[in-house]
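I opened the model to look up two things.

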Amino acid sequence: MTPAPAIHPSILNADQAHLADELDRVADADGLHVDVMDNHFVPNHFGGPSLVETVTAHTDLPVDAHLMIENADRWAPTYAEAGATIVTTHIEATAAPFRLADELHRLGAGAGIALRPTTPLSAVEHLLGRIDLLLLMTVEPGFGGQSFIEAMLPKIERARRLVSEEGLELRIQIDGGVTARTIERAAEAGAGVFVAGSAVYRADDAPAAIARLRDLAAAHAH
Ligand code: DX5
Ligand code: ZN
(Lines give C-alpha, C1' and ligand atoms only; values in the text may rest on other atoms or scores of the structure.)
(Ligands and ions follow the chains in the order given, each with its own letter.)
Protein backbone atom coordinates (compact mmCIF):
# COMPACT_ATOMS: atom_id res chain seq x y z
CA MET A 1 0.00 0.00 0.00
CA THR A 2 1.26 3.47 -0.88
CA PRO A 3 1.99 5.53 2.25
CA ALA A 4 0.01 8.74 2.75
CA PRO A 5 1.48 11.92 1.26
CA ALA A 6 3.92 13.66 3.58
CA ILE A 7 4.51 17.41 3.93
CA HIS A 8 7.99 18.48 5.04
CA PRO A 9 8.33 22.23 5.70
CA SER A 10 11.71 23.65 4.74
CA ILE A 11 13.15 25.71 7.56
CA LEU A 12 15.23 27.75 5.09
CA ASN A 13 12.12 29.88 4.84
CA ALA A 14 11.58 30.23 8.60
CA ASP A 15 12.48 33.28 10.69
CA GLN A 16 15.89 32.11 11.91
CA ALA A 17 15.86 34.55 14.83
CA HIS A 18 12.87 32.68 16.28
CA LEU A 19 13.69 29.16 15.21
CA ALA A 20 12.14 27.38 18.21
CA ASP A 21 8.80 29.14 17.62
CA GLU A 22 9.06 28.49 13.90
CA LEU A 23 9.55 24.77 14.55
CA ASP A 24 6.54 24.77 16.89
CA ARG A 25 4.43 26.40 14.15
CA VAL A 26 4.92 23.34 11.93
CA ALA A 27 4.62 20.65 14.62
CA ASP A 28 1.71 19.08 12.66
CA ALA A 29 3.90 18.37 9.65
CA ASP A 30 5.08 14.88 8.69
CA GLY A 31 8.77 15.75 8.77
CA LEU A 32 11.16 18.69 8.63
CA HIS A 33 13.50 19.53 5.78
CA VAL A 34 16.82 21.14 6.65
CA ASP A 35 18.70 22.62 3.69
CA VAL A 36 22.46 22.90 3.76
CA MET A 37 24.28 25.07 1.21
CA ASP A 38 28.03 25.60 0.92
CA ASN A 39 28.24 28.53 -1.51
CA HIS A 40 29.99 26.24 -4.04
CA PHE A 41 27.43 23.68 -5.16
CA VAL A 42 24.85 26.47 -5.04
CA PRO A 43 25.33 30.26 -4.85
CA ASN A 44 24.03 30.54 -1.29
CA HIS A 45 25.14 29.59 2.20
CA PHE A 46 22.95 28.01 4.87
CA GLY A 47 22.89 25.42 7.64
CA GLY A 48 25.36 22.85 8.86
CA PRO A 49 25.51 19.90 11.28
CA SER A 50 24.90 22.12 14.30
CA LEU A 51 21.61 23.35 12.81
CA VAL A 52 20.54 19.72 12.33
CA GLU A 53 21.45 19.04 15.97
CA THR A 54 19.43 22.05 17.12
CA VAL A 55 16.41 20.97 15.08
CA THR A 56 16.50 17.29 16.06
CA ALA A 57 16.84 18.25 19.73
CA HIS A 58 13.66 20.34 19.46
CA THR A 59 11.36 18.02 17.50
CA ASP A 60 10.11 14.45 17.42
CA LEU A 61 9.44 14.68 13.68
CA PRO A 62 11.72 12.92 11.21
CA VAL A 63 14.32 15.33 9.86
CA ASP A 64 15.67 15.09 6.33
CA ALA A 65 18.90 16.98 5.66
CA HIS A 66 19.25 18.13 2.04
CA LEU A 67 22.94 18.71 1.39
CA MET A 68 23.53 21.09 -1.50
CA ILE A 69 27.26 20.84 -1.01
CA GLU A 70 30.34 19.69 -2.91
CA ASN A 71 32.33 16.75 -1.62
CA ALA A 72 29.17 15.24 -0.13
CA ASP A 73 30.78 11.83 0.60
CA ARG A 74 33.08 13.51 3.08
CA TRP A 75 30.41 15.41 5.02
CA ALA A 76 27.19 13.39 4.83
CA PRO A 77 28.04 10.99 7.71
CA THR A 78 28.41 14.00 10.04
CA TYR A 79 24.73 14.79 9.42
CA ALA A 80 23.71 11.24 10.33
CA GLU A 81 25.69 11.64 13.55
CA ALA A 82 23.93 14.98 14.14
CA GLY A 83 20.62 13.09 14.24
CA ALA A 84 19.16 13.42 10.73
CA THR A 85 16.67 10.65 9.93
CA ILE A 86 17.59 10.78 6.24
CA VAL A 87 20.65 12.40 4.71
CA THR A 88 20.21 13.41 1.07
CA THR A 89 23.16 14.28 -1.14
CA HIS A 90 23.18 15.39 -4.76
CA ILE A 91 24.25 12.77 -7.28
CA GLU A 92 26.21 15.54 -9.04
CA ALA A 93 28.37 15.97 -5.91
CA THR A 94 28.57 12.38 -4.65
CA ALA A 95 31.56 10.37 -5.86
CA ALA A 96 30.65 6.94 -4.43
CA PRO A 97 26.91 6.81 -3.78
CA PHE A 98 26.73 3.04 -3.12
CA ARG A 99 29.47 3.29 -0.49
CA LEU A 100 27.91 6.39 1.05
CA ALA A 101 24.46 4.73 1.28
CA ASP A 102 26.05 1.80 3.16
CA GLU A 103 27.85 4.19 5.49
CA LEU A 104 24.68 6.16 6.25
CA HIS A 105 22.75 2.94 6.90
CA ARG A 106 25.52 1.75 9.22
CA LEU A 107 25.12 5.01 11.15
CA GLY A 108 21.38 4.38 11.46
CA ALA A 109 20.21 6.99 8.96
CA GLY A 110 18.37 6.65 5.67
CA ALA A 111 20.14 7.55 2.43
CA GLY A 112 18.61 9.98 -0.06
CA ILE A 113 19.83 11.04 -3.49
CA ALA A 114 18.84 14.33 -5.11
CA LEU A 115 18.89 15.37 -8.76
CA ARG A 116 19.16 18.87 -10.15
CA PRO A 117 16.37 19.62 -12.65
CA THR A 118 18.58 18.88 -15.68
CA THR A 119 20.17 15.68 -14.34
CA PRO A 120 18.52 12.68 -16.03
CA LEU A 121 17.03 9.80 -14.06
CA SER A 122 19.44 7.44 -15.79
CA ALA A 123 22.16 8.87 -13.50
CA VAL A 124 20.56 7.09 -10.53
CA GLU A 125 18.53 4.18 -11.88
CA HIS A 126 21.05 1.56 -10.75
CA LEU A 127 21.04 3.06 -7.27
CA LEU A 128 17.33 3.05 -6.61
CA GLY A 129 17.31 -0.34 -4.90
CA ARG A 130 19.88 0.84 -2.38
CA ILE A 131 18.47 4.18 -1.24
CA ASP A 132 15.46 5.30 0.79
CA LEU A 133 14.52 8.60 -0.85
CA LEU A 134 14.78 10.02 -4.36
CA LEU A 135 14.63 13.83 -4.34
CA LEU A 136 13.69 15.41 -7.66
CA MET A 137 14.37 19.14 -7.57
CA THR A 138 11.50 21.12 -9.07
CA VAL A 139 13.46 24.38 -8.98
CA GLU A 140 17.16 25.10 -9.49
CA PRO A 141 18.58 24.49 -5.99
CA GLY A 142 19.77 27.43 -3.94
CA PHE A 143 16.83 29.60 -2.90
CA GLY A 144 13.32 29.43 -1.52
CA GLY A 145 10.35 31.13 -3.17
CA GLN A 146 11.03 30.15 -6.80
CA SER A 147 8.43 28.90 -9.29
CA PHE A 148 7.79 25.20 -9.83
CA ILE A 149 9.33 23.96 -13.10
CA GLU A 150 6.42 22.27 -14.89
CA ALA A 151 8.79 20.38 -17.18
CA MET A 152 9.66 18.19 -14.17
CA LEU A 153 6.24 16.49 -14.17
CA PRO A 154 7.17 13.84 -16.79
CA LYS A 155 10.38 13.16 -14.85
CA ILE A 156 8.35 12.51 -11.69
CA GLU A 157 6.09 10.17 -13.68
CA ARG A 158 9.04 8.23 -15.07
CA ALA A 159 10.55 7.93 -11.60
CA ARG A 160 7.29 6.59 -10.21
CA ARG A 161 7.06 4.05 -13.03
CA LEU A 162 10.62 2.87 -12.35
CA VAL A 163 9.89 2.54 -8.64
CA SER A 164 6.71 0.53 -9.19
CA GLU A 165 8.14 -1.65 -11.98
CA GLU A 166 11.04 -2.63 -9.73
CA GLY A 167 8.78 -3.02 -6.69
CA LEU A 168 10.95 -0.63 -4.68
CA GLU A 169 10.18 0.88 -1.29
CA LEU A 170 11.83 4.25 -1.79
CA ARG A 171 9.78 7.41 -1.70
CA ILE A 172 9.84 10.20 -4.27
CA GLN A 173 10.28 13.64 -2.77
CA ILE A 174 9.99 16.91 -4.64
CA ASP A 175 11.46 20.22 -3.53
CA GLY A 176 10.84 23.70 -4.89
CA GLY A 177 7.78 25.72 -5.77
CA VAL A 178 5.33 23.39 -4.02
CA THR A 179 2.10 25.33 -3.41
CA ALA A 180 -1.63 24.65 -3.31
CA ARG A 181 -1.55 25.40 -7.04
CA THR A 182 1.20 22.93 -7.99
CA ILE A 183 0.91 20.06 -5.51
CA GLU A 184 -2.03 18.29 -7.19
CA ARG A 185 -0.26 17.66 -10.47
CA ALA A 186 2.93 16.65 -8.68
CA ALA A 187 0.97 14.14 -6.58
CA GLU A 188 -0.79 12.83 -9.71
CA ALA A 189 2.60 12.39 -11.35
CA GLY A 190 3.71 10.25 -8.42
CA ALA A 191 5.51 12.34 -5.79
CA GLY A 192 4.76 11.29 -2.21
CA VAL A 193 6.90 13.57 -0.03
CA PHE A 194 6.53 17.30 -0.58
CA VAL A 195 8.99 19.90 0.68
CA ALA A 196 7.20 23.20 1.16
CA GLY A 197 9.05 26.30 2.24
CA SER A 198 7.37 29.58 1.50
CA ALA A 199 3.92 27.97 1.04
CA VAL A 200 3.99 27.05 4.73
CA TYR A 201 6.14 29.72 6.35
CA ARG A 202 4.59 32.66 4.51
CA ALA A 203 1.07 31.52 5.42
CA ASP A 204 -0.66 33.29 8.31
CA ASP A 205 -1.88 29.92 9.54
CA ALA A 206 0.92 27.39 8.98
CA PRO A 207 -0.98 24.34 10.36
CA ALA A 208 -3.88 25.12 7.99
CA ALA A 209 -1.48 25.48 5.06
CA ILE A 210 0.07 22.09 5.88
CA ALA A 211 -3.34 20.42 6.21
CA ARG A 212 -4.51 21.92 2.92
CA LEU A 213 -1.41 20.77 1.04
CA ARG A 214 -1.73 17.28 2.52
CA ASP A 215 -5.43 17.04 1.57
CA LEU A 216 -4.79 18.24 -1.98
CA ALA A 217 -1.96 15.72 -2.39
CA ALA A 218 -4.04 12.90 -0.89
CA ALA A 219 -6.92 13.62 -3.26
CA HIS A 220 -4.56 13.17 -6.22
CA ALA A 221 -2.26 10.45 -4.89
CA HIS A 222 -1.87 7.08 -6.56
C1 DX5 B 1 15.91 25.24 -2.49
C2 DX5 B 1 15.71 24.40 -1.27
C3 DX5 B 1 14.30 24.25 -0.87
C4 DX5 B 1 13.58 25.55 -0.54
C5 DX5 B 1 12.16 25.38 -1.03
O6 DX5 B 1 17.13 24.97 -3.05
O7 DX5 B 1 16.24 23.11 -1.46
O8 DX5 B 1 14.14 23.29 0.18
O9 DX5 B 1 13.56 25.87 0.82
O10 DX5 B 1 11.46 26.58 -0.88
P11 DX5 B 1 10.09 26.83 -1.64
O12 DX5 B 1 9.11 25.80 -1.15
O13 DX5 B 1 9.74 28.22 -1.21
O14 DX5 B 1 10.34 26.71 -3.11
ZN1 ZN C 1 15.75 21.51 -0.05
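Which residues of helix H4 (residues 97-106) are buried? I noted Pro 97, Leu 100, Ala 101 and Leu 104. Buried means under 20% relative accessible area, exposed over 50%, partly exposed in between (1.4 Å probe, protein chains only). Helices (H or I, at least four residues) and strands (E, at least two) are DSSP runs, numbered from the N terminus.

The four lie on the same side of H4, because they cover an arc of only 100° around the axis. That arc is taken from the directions from the helix axis to the C-beta atoms. An α-helix has 3.6 residues a turn, so residues three or four places apart point the same way.

I checked the face turned away from the buried side of H4 and found the exposed Arg 99 and Arg 106 there. The buried residues pack against helix H3 (72-81), strand E5 (86-90) and strand E6 (110-115); contact means heavy atoms within 4.5 Å. After H4 comes Gly 108, with a positive phi near 90°.

Sources: this is a predicted model, where local features need pLDDT of at least 70, side-chain atom pairs count only at pLDDT 80 or more, and totals for chains, interfaces and linings use all residues. Residues are numbered from 1 along each chain as written, chains are lettered from A and ligands numbered from 1 in written order, and side-chain values use heavy atoms, without hydrogens and water.

Next I looked up ligand 1. A polar side-chain atom of Ser 198 lies 2.4 Å from one of its oxygen atoms. For Gly 142, a backbone N or O atom lies 2.7 Å from a ligand 1 oxygen.

Terms used: Polar contact = N/O pair within 3.5 Å; in protein donor to acceptor, adjacent residues only side chain to side chain.
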